[in-house]
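Hi,

Here is the structure I promised to pass on. Have a look at it first, and then read my notes below.

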Number of protein chains: 2
Amino acid sequence: MELKEAKDKFIHTWGTLATQWGINRTMAQIHALLLLSSKSMNADEIMADLQISRGNVNMNLRDLMDWGLIYKQLLPGERKEYFIAEKDIWKVAKQIAKERRRREIGPLIEAMEDLKEGIQPDTAEKEEFLKIVNDISKVSVFADNTMTSLLKSDENWLINNFIKIFNK
Amino acid sequence: MELKEAKDKFIHTWGTLATQWGINRTMAQIHALLLLSSKSMNADEIMADLQISRGNVNMNLRDLMDWGLIYKQLLPGERKEYFIAEKDIWKVAKQIAKERRRREIGPLIEAMEDLKEGIQPDTAEKEEFLKIVNDISKVSVFADNTMTSLLKSDENWLINNFIKIFNK
DNA sequence: AAAAACTTTCAGAATATTTTGAAAATTCAA
DNA sequence: TTGAATTTTCAAAATATTCTGAAAGTTTTT
């Protein structure tokens, strides 16, 4: 079956790419599976579909909720918990970008601030060191602000498309 | 010694953060060491400084050169190869962003194109699938273009700072 | 051409991350 | 309550990644 094949390829590809960008394979595969599923799924269905253990499913569903990529759905008359993915890909991308900003840029800014505080620029050597720390600090604050701007409102999509066009 | 301590903390922190964003610890530590070093260093010096093997040093120096973060320097009268880091942090950030765009977004765009080609929208199910693939395609092309715009010229730094200010 | 100085490679070892699955905890219906 | 259904936890096992170090490869000097 052609569609089934394409869906499997999608799930597999999503999982492989995810490892490239620091997200674990199974989490990405569960996400892909839910993205493609028109109805919400429970843990047993996901286990059967991806052939993975209950513990693994549970843990990664939790992480996906932390990332804001899936939602828990309680179906009336059902004991089991069901999960459904955010289908608006623009929202998905925003969530991922937001989370990565938090994880990747935040700690960097903090670490540089800590280093700045510990050192006084009383020798040339120390000044040199502080120059680098300060530069990294500036660039990471800039990156953080840029991300925030891009994410703050969907209007920025438009603004940036303009910038893109003007730079062509 | 206070500065030595701060430098060690910098190297250690850089290494830890790097794992968070998909780069290996040793590569980041070598990069940090070279960033802080006013003169270029050879493999033996790096081995001694970070207490790691020759093979490890060699491999990661190679990767750092691939990333465009360090340069090889041949000193007159010296047999050994010396390495020096790019000190302009804005350039460093651009290089990292460029490389990550290439590694993270490129393959995603390709994968979605492949999936699109394999499926005809002749059933509702297939249309639904193609909708998702197309949306991901669009968002990733957008992300790619945005990155490219940001990197293309340093003027974009200014433009984005304006955007940032206007959004405050 | 041989030897010395240095760099690269890569199989196996060490380390780190992910996964399993069964036990413990929780929730809910009766 | 009790107990069946379901979810969560976590130590041990499986897997994946990184690192080592010695052997092989290169380049330069003599």
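**The cavities**

In the lining of the second largest cavity, 12 residues are nonpolar, 1 is polar and none is charged. (Ala, Val, Leu, Ile, Met, Phe, Trp, Tyr, Cys and Pro count as nonpolar, Asp, Glu, Lys and Arg as charged, and the others, Gly among them, as polar.) Before I go on, some ground rules: this is a predicted model, where local features need pLDDT of at least 70 and side-chain atom pairs count only at pLDDT 80 or more, while totals for chains, interfaces and linings use all residues. Residues are numbered from 1 along each chain as its sequence is written, chains are lettered from A and ligands numbered from 1 in the order in which they are written, and side-chain values use heavy atoms, with hydrogens and water left out.

Back to that second largest cavity: it holds about 110 Å³ of space. Its lining has 13 residues, with Trp14(B), Trp21(B), Ile23(B), Ala28(B) and His31(B) closest to the centre. On a 1 Å grid over the protein atoms alone, a cavity is a set of points where a 1.4 Å probe fits but cannot get out, a pocket is an open set with protein on both sides within 12 Å along at least five of seven lines, and lining residues have an atom within 4 Å of a point. Grid points are joined across faces, edges and corners, and a volume is the space filled by probe spheres set on the points.

The whole structure has 3 cavities of 30 Å³ or more. The largest has a volume of about 1,500 Å³, and 49 residues line it; Arg100(A), Met147(A), Arg100(B), Glu104(B) and Met147(B) lie nearest its centre. That lining divides into 36 nonpolar, 5 polar and 8 charged residues.

**The pockets**

The largest pocket has a volume of about 470 Å³. Among its 20 lining residues, Lys7(A), Leu33(A), Leu36(A), Ser37(A) and Ser38(A) lie nearest the centre. H1(A) gives the largest share of this lining, 5 residues (helices are DSSP runs of H or I, at least four residues, and strands runs of E, at least two, numbered from the N terminus).

The second largest pocket holds about 390 Å³. Of its 17 lining residues, Glu125(A), Lys7(B), Leu36(B), Ser37(B) and Ser38(B) are closest to the centre. Here the largest share, 5 residues, comes from H1(B).

**How the two chains relate**

Chain B can be laid on chain A with an RMSD of 0.0 Å by a turn of 180° and a shift of 0.0 Å along the axis (least squares on the C-alpha atoms of residues with pLDDT of at least 70 in both). The two copies are thus related as by a two-fold rotation axis. In chain B, Gly22(B) has the C-alpha nearest the axis, 2.5 Å from it.

Cheers
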